[in-house]
Structures are given as C-alpha cells and as structure tokens.
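Here's a quick briefing to read alongside the model.

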Amino acid sequence: MKTTSKLITALTLSLLASSVLAAVSADEVAKLGSSLTPIGAEKAGNAAGTIPAWDGGLPTNAAAVDANGFLGDPFPNEQPQFTITAQNLDQYKDKLSEGQIALFKRYPETYKMPVFVTHRTANLPPDIEARIKVSAAKTTLMEGGNGLKDFTDSRYYAFPIPQNGLEVVWNHITRYRGGNIRRQYIQASPQTNGTYSAVNFQDEVSFPDGMSDIAPAKAANALLFFKQRVTAPSRLAGNVLLVHDSLDQIAEPRMAWIYNAGQRRVRRAPQVAYDGPGTAADGLRTSDNFDMFNGAPDRYDWKLVGKKELYIPYNNYRIASPSVKYSDILKAGHTNQDLARYELHRVWVVEATLKAGERNIYAKRRFYVDEDSWTITLSDLYDGRGQLWRVGEAKMMPYYSRKVPAYAFEGLYDIIAGRYITVGMSNEEKSFVQFDIKSSMADFTPAALRNAGVR
C-alpha cells in the first residue's frame, strides 16, 4: 500500500474526533510509537540483553529479492548460538512451550532447535501504523466479545494495547497480511516413514478496503474474502473453496461455498468452520487450524495468562529458500530442524477453554502470540481428556520488501499419531506471494466459482 498524506491526515482527524469513545485512554494511545512500538510491543529490550530493543525492523532492501519474488536471507552467515536437544532440554525448559517439550520427548533422536541471536525484524507500512492508533482509540468488543465495534475506520490490529485474552486473539485475526494477495503453495501430510504426496493450492485473499466496488453495507461487517483452488493432484484439481468472513460472525456467520469439479456443482459448505475437517488434510487439521487460528472465537472462554520469553521460530528465510526442495524439508515425524531457526522473543500467552455446552475437538488451546506482529507462532491443543494432542508452529519470516509480518509456512504436529501436516510451503513454485492483486466482489461470489475451477 502507498502512504498518502490525505490518508494519514484523515486517520489523525478520526483519532482526535473519537477520543471520547476511546477503548484505551489517550495517554495509552500516545505510547504507540514511543515507549511501545507502533504495533504495541515493548520497544525496549529485556534486562538480560538477550532480546534487543526494537529499532524499526528490517529495511525493504534487507537482502536480494529474486525475479520471482523469493526473499533472500538477511542473515546468511549467522550460526546458531546453541542447539537444544532432548539431551540438554532441562536447561531451557523455562523458555519452551509444553508443546515444544512434547516434541523433544516424542522424537528424542531427531528433534532439535537451533537457537540464533534475536533480531526484531517485523515492521509495517506507515499507513497501517496510522490505522493502529485509530484502532486503539476507537475499537471495542461487541457484547459477548464475538465481534468488533467502531473498527471499519482502521481495519487492522483491533487492540494494540490489549486488556484481555480475547483482544489478543482478535489482533491475530485482524493483522495486516499485505493487502490483496495471491499465492501458490503446497500442503503435505507425511506418513510416519516420511513419505508424502503434495496437494497444490492457489489462494487469494482480499479485504474490503482493497475492493473499490464493494457495497458500503457489505463492507461494514466484512473482515475478508478468501478463495482457494486445488491445482494438483488431478483427482482434486479444480475444486474451489470460497469464504466470506465477517467482523461479527455471530450476527452474520461465516459464509462458505465449495465448487466440486467432478460434479460441476456449487454448494454451501457450513462445515468449513470451527472443527470441520480441513481441505484434503487427511484428518490432521480442522478448518479453524488454518492460519494457526481463524474464524469466530465464540465457543471458548479466553484467558490472558500474561507475557513470557520463549524460543520461537523466527526469521526462517533459509527454510523458505527456492534452493531448498520440499523433500529436503519434509521428514519422518517433523520437518527438517537443521533448516529451522529459533530466537528468543516475548510472546503473549492466551488460553482458551471450551464453554459448557459447546463443541470442538479441542477442549483447550494455548496460544503464544509474537508481540512484534500479533501472529500466533505456537499453539498447544488439548483433547477432551485434557491430554496434549497437537502442537502448532508458524515459522515466522517477515516479508521485508513489503513490510508484512508473515511466516514461511505453518505446521501442525500430532503427538499421539506421530504424523504432521504443513501448509504454505512455496519453495518449488513458480513465484512467491504476489501483492497488489486487483479484485472485485464479482470475483468472490458463488457464481464465480465455476470459472475459477476450470482445470
């Protein structure tokens, strides 16, 4: 997005005019960009000096970007400071999640975490930073916490200074993803011996502020529009999923449709929500596992546990390189940890407990949310018996050329079954994420699915 003086002026005036409706005080809002980063993280480093102060994040020319958009590694010569293994695990337990510890115990011979020096690389375009101040001053939760009020003037990061766990989760849901984008990637669910068959996808996401023809009434409660097409293997190619997500998914629940290429038929897909099965996922993820968590948060009670320092996957440019093949990454039990990079960062810890009378296969979830991007980087998922079942991980990798906090891919590890699924790898695709995609509401209607599904 290009910053314009008109936009920033309008946002500033909106901020001043809305001070009486402030979700947090004007003094708190003023901390954004001063003692806090523009996104609401602590600007200062930690007392030990192992987490540095935020200095603005990576510049847009941090490394070379190839002709297909793949990002070079800004830290190509760095080596791990140390590597955590099952043998030295006890030394580092206080800075690991329960899920990470479980992976060491499940795969004691192969699972490792190479830990590098910490770089706080995430940042945002100036116009998004301006919008965040509007969110802080105006946005509040709807009754019950399942929607947002006074959010359409800003559209991103609803609660940069959160007061509770649900507000932290809404920051993840409403985070900036680079505007309208298109990407090609694979999903893979290796067997216990490491063999896998890839499912290839092309998806697009568009936002109301990037769609000039969206009706004001539709835009008022719209969060995003998502379209996902299977391109391979041939037995699935041409199937298309369409999702309309709203800001208040209780008053206006998610709308989803599927085009089945074999039947040449479009039908409603209410199962594409909550714990409905993920597309071509071999039963290894739910719909709300996609993007670490998505959709309505209404089935859970949310608790803000607090902040802690944790070793999380960060700056994973090496594992996303086009010189690395999928077969280099996908191994038995877990992805190739020799290619991974972990750093010490501060995270918000949020716990979700299933409400009485509600249904989801996960009775409890614990999310670890990166303070510099509001991205869920780790998740611990528990079954109805209270047993840790699955561990989620997003390998953070900010897209510095566009100032987009993002990740290379996400993985979900089934501790009980000894299998896992990855979503979002694009190493062997023709291009990386494509930005500035022009879109129209006509592209995101059920009628458009048939054309999108042409094999």
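Arginine 175 counts as buried because its relative accessibility is 5% (buried is under 20% relative accessible area, exposed over 50%, partly exposed in between, using a 1.4 Å probe and protein chains only). Its salt-bridge partner is aspartate 291, with the closest N and O atoms 2.6 Å apart. This is a predicted model, where local features need pLDDT of at least 70 and side-chain atom pairs count only at pLDDT 80 or more, while totals for chains, interfaces and linings use all residues. Residues are numbered from 1 along each chain as its sequence is written, and side-chain values use heavy atoms, leaving out hydrogens and water.

**Salt bridges**

- The rule here is a side-chain nitrogen of Lys or Arg within 4 Å of a carboxyl oxygen of Asp or Glu, and by that rule the count is 31.
- Aspartate 291 is buried too, because its relative accessibility is 9%.
- Glutamate 371 and arginine 120 also form a salt bridge, closest N and O atoms 3.4 Å apart; the two sit 251 residues apart, glutamate 371 in the loop between strands S13 and S14 and arginine 120 in the loop between strand S2 and helix H4. (Helices, H or I with at least four residues, and strands, E with at least two, are DSSP runs numbered from the N terminus.)
- Both glutamate 371 and arginine 120 are buried.
- Aspartate 436 meets arginine 402 at 2.9 Å, N to O, so this pair ties together parts that are 34 residues apart in sequence.
- Aspartate 436 is exposed at 54% relative accessible area, and arginine 402 is partly exposed at 26%.
- Shared partners join Glu42, Arg120, Lys307, Arg346, Glu371 and Asp372 into one salt-bridge network.

**Strand S17 and its partners**

- S5 pairs with S17 in the antiparallel sense over 3 bridges (pairing takes at least two DSSP bridges between the strands), with glutamine 187 bridged to valine 423.
- S16 is also antiparallel to S17, over 5 bridges, and here tyrosine 413 partners tyrosine 420.
- The S16–S17 hairpin has 4 residues between its strands, and glycine 418 takes a positive phi near 75° there.

**Nonpolar cores**

- A core is a set of buried Ala, Val, Leu, Ile, Met, Phe, Trp, Tyr and Cys residues joined through side-chain atoms within 4.5 Å.
- The largest has 122 residues, with Ile84, Leu96, Tyr157, Trp302 and Tyr399 touching the most other members.
- Strand S12 gives the most to this core, 8 residues.
- A second, separate core has 13 residues, including Trp257 and Leu449.
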